[in-house]
Amino acid sequence: MRASRPKVAIAAVAAAALAVAGCAESDREGSGGSSKDTLVFGVAGDPKVLDPSFASDGESLRVARQVFETLVRPEEGGTKVSPGLAETWQPDAAGTTWTFKLRSGVKFHDGTDFNAEAVCANFDRWYNAKGLMQSPDVTAYWQDVMGGFAANEDDTLPPSLFKSCTATDATTVALAFTRVSSKIPAALMLPSFSIHSPKALEEHDASNVSGSADDIKYPVYATEHPTGTGPFKFKSWDVPNKTLTLERNEDYWGEKAKLKSLIFKTISDENARKQELRSGGIQGYDLVGPADVEPLKGEGFNVLTRPAFNILYLAINQKGNPKLADLKVRQAIAHAINRQALVDSKLPPGAQVAVNFFPDTVEGWNGDVTKYEYDVDKAKALLAEAGASDLTLRFHYPTEVTRPYMPNPKDLFELLSADLQAAGIKIEAIPLKWSPDFLNATTSGNKHDLHFLGWTGDYGDGYNFIGTFFDRQKDEWGFNNPALFEKFKQADTTLDPAARVALYKELNADIMNFLPGVPVSHSPPAIVFGKDVTGVKASPLTDERFSTAQFKS
Amino acid sequence: MIRFIVRRLLQLIPTLFGLSLLLFIWLRRLPGGPETAILGERGTPEMRAAIRHNLGLDEPILIQYGRFLRRLIRLDLGTSIATKREVTTEFLQRFPGTVELTVTAMVIAIGIGIPLGYLAARRRGRLLDHLSVGGSLIGICIPVFFLAYILKAIFSENLGWFPSSGRQDPTIGATRITNFFVLDGLMTREWDAAADALWHLVLPGLALASIPLAIIVRITRASVLEVLNEDFVRTAEAKGLTENVIRRRHVLRNAMLPVATSIGLLTGGLLSGAVLTETVFAFSGIGAFIAESISQRDYPVLMGFIMIIAVVYVLVNLIVDLSYSLIDPRVRVR
């Protein structure tokens, strides 16, 4: 009897299944304990790389903060420089050499000792970077903080701020710099200055960034073997499943992590993260939509609000419309917009109207600066005085993006453009896709008059905010103000913290008089954890420590 | 038959060449570039210029294309600008997810669509017919992402029957061999891992199946109705053959030709339809990765992925063409 085709097909599938079944080795260890010691945390994107020396995206840095440690780190829940792998630090009289006293008894995840030589091996690795490692998309933060390298291969690179590292004894290290800088020591809190195991760096050829300039390949260390001293060790990065698993470092020098394992799971869609939290698949997530904060709180989830450490500003480009070079016109714009209404109606709970270009959590904030209250009549009068009553401005705003300081750019644009129109300014709306169109259009050329942009601080020093915006001529603002630039230089090279803070206060006052743009608001971003998860303190720098997270028993 | 296959494969070469040229020019004409995506608010004009220079984006477009072709001939698709991993590695880690999802959706669509379409035709004008025709209209109209949210809200958030995102529970710690999670589970006898992966496929599979299911129901119904009116069916009935035999040997077989054609086209379409489903279900596949790569202007990833998808698309349709001869012995490929 001839078997019918369906039967043959079913038999074939069954045979194939039997043939593949068990044909490969399972490399799985015994199933990992109760779910009470594993936290799955939802993140918005995959990390790009696991070696923080090469990272500049938030998700890579989040992983690095659990696996690695830096010489100094932000105090828990704050921005102040506090002890990390170094217990104390001190500059010399000239302010160019900093001596760090290191913690003893610390071991890297590969069992080797952490000591002064290990620290110098790391700084030497960054400083002596060659070839493709000097590419600005590979070592972005090093270049941001230190400028260049021992031997710059590109003429456009500035000279290095870093000069040398000396291991005085096993627990003392001296870092020498070419000049005094406001960035030291605060910038050393950045995860990009994490200390790696020199043995692991060597073993996995960590500095071998290969390929060609248009085809860069990271060494295997950067994707498979990150080896630090942190409370969690790297276990696996399951790219096909969009998850990254860390496990407790049982030999950690400090208080050991409460969780046995910590899993970061990528869920790029904001709504999908919320649904997954509710269905129990994850026990926390970041980048909570402002509209979800209250509902999630109401359902009993632990919504933590980070102290605001960002600024949203309305930038004015003085090279755009020539009328914008007139201070009166800029003052008119500042008076025309109702920032309080914007904060009340469009930003998350806890947001504030900005008075300076940095939040009051940063030293040097100055409440005693020129303020521009909402006053439409005054705005109209100023415009008339400046002979700019028929002003038309091109207002750029980004689409398809949520930034921590700007949850809904289109709504913000609509409010502010209505305000400006009420004061008699005509607005030409230019919506652009955030990346790269909007960023390109607003930070180069001079086709932009007004736009939204903002910044989240990297570390707790005022220069990281206002210096980034205003310490030199930039296409974004289109002005040249040598006196202002000179004062920035002075602040940057002032060693005494108190004197520097005094200069920041002056600078804030100067900026608000000169009014290159209007500071709009500071928004506190939220992070949420499951109903039974406790122990995590929200950090303004997004430096949340998962090692203290635990489930209520 | 072999000559047919060889000829079809040779046709691929000019197709791919034309596609790559068009795509290359189109991608480079998009405003902006990867440097802004990499640097964000942090970038200075100098840093952006340096990255553009390093990536060779400041050179004439034909020189850039020439470099791409030289690599392509060596089957080297380059590395991702964002992750600095090889494009082929990125593809092999994500494509299996999309294949699993597409196959699940097609199994659902075919498994339900053909019987339903057939029954609707046999019970023409009755309740089942109206239900399936009306239902398929809804299936075509309802946006996939909307359906996805509804499915998740009901079956995951409220009832808790199915997981709402991902391809597998990460705490299982499954072994990876081929990155086809179900297959890997079978191969390593990690039955729980295979079952969990299957479980994760149900909701996204259903969401993605909605449109092809609706189309297959309609085509099957129309095609069966047409065949039922053919003379040979009447003859078979007059000969006194049982309904079972008529259905299997005569009606279904003849009605399947247009259905098979549409299945081939639909499968190709699903590869692109997967973008939304993958994003909403945080399902790791090529669709979600392509969407991400567009916003990052990750040119090598986009070029590489779309070239490979084009090859796969042609191969799927080649298989469909070959299957005609199995369904209908009168069709001989030459």
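Me: Let's start on the inside: is Ala282(B) buried or exposed?
Reply: A residue is buried if 20 or more other C-beta atoms (placed from the backbone) lie within 10 Å of its own, exposed if 12 or fewer, and partly exposed in between. Ala282(B) has 25 C-beta neighbours inside 10 Å, so Ala282(B) counts as buried.

Me: Good to know. What kind of model am I looking at?
Reply: Residues are numbered from 1 along each chain as its sequence is written, while chains are lettered from A and ligands numbered from 1 in the order in which they are written. Local features need pLDDT of at least 70, side-chain atom pairs count only at pLDDT 80 or more, totals for chains, interfaces and linings use all residues, and the model itself is predicted.

Me: Back to Ala282(B): what is its phi near?
Reply: Ala282(B) sits in the loop between α11 (243-280) and α12 (286-295) of chain B; helices here are DSSP runs of H or I with at least four residues, strands are runs of E with at least two, and both are numbered from the N terminus. Ala282(B) isn't a glycine, yet its phi is positive, near 45°.

Me: How many residues are in the largest nonpolar core?
Reply: A nonpolar core is a set of buried Ala, Val, Leu, Ile, Met, Phe, Trp, Tyr and Cys residues joined through C-beta atoms within 7 Å. In the largest one, Phe41(A) and Val528(A) have the most contacts inside the core, and its residue count is 159.

Me: Which helix gives the largest share of this core?
Reply: Domain 1 (2-73) and domain 2 (92-295) of chain B both give residues to this core, so the core lies between them; the domain bounds come from an automatic or database assignment. The largest share is 17 residues, from residues 191-228 of chain B, which is helix α9.

Me: How far apart are the axes of α14 and α15 in chain A?
Reply: Axes are lines fitted to C-alpha atoms, for helices over the stretch in contact, with angles running from 0 to 180 degrees between N-to-C directions. Helix α14 (residues 463-470) and helix α15 (residues 482-492) pack at an angle of about 145°. The distance between their axes is 11 Å.

Me: Which residues of α15(A) make that contact?
Reply: Two residues are in contact if their C-beta atoms, placed from the backbone, lie within 7 Å. α14(A) brings Tyr463(A), Gly467(A) and Phe470(A). From α15(A) come Leu484(A), Phe488(A), Ala491(A) and Asp492(A).

Me: How many residues of chain B does chain A touch?
Reply: On the chain A side, helix α13 (residues 434-443) gives the largest share, six residues. Chain A puts 61 residues in contact with chain B, and the number on the chain B side is 58.

Me: One more: what separates the C-alpha atoms of Gly264(B) and Val316(B)?
Reply: Gly264(B) is in helix α11 of chain B, and with 18 C-beta neighbours inside 10 Å, Gly264(B) counts as partly exposed. Beyond its neighbours within four places in sequence, Gly264(B) is in contact with Val316(B), Asn317(B) and Val320(B). Gly264(B) and Val316(B) are 52 residues apart along the chain, but their C-alpha atoms are separated by 6.6 Å.
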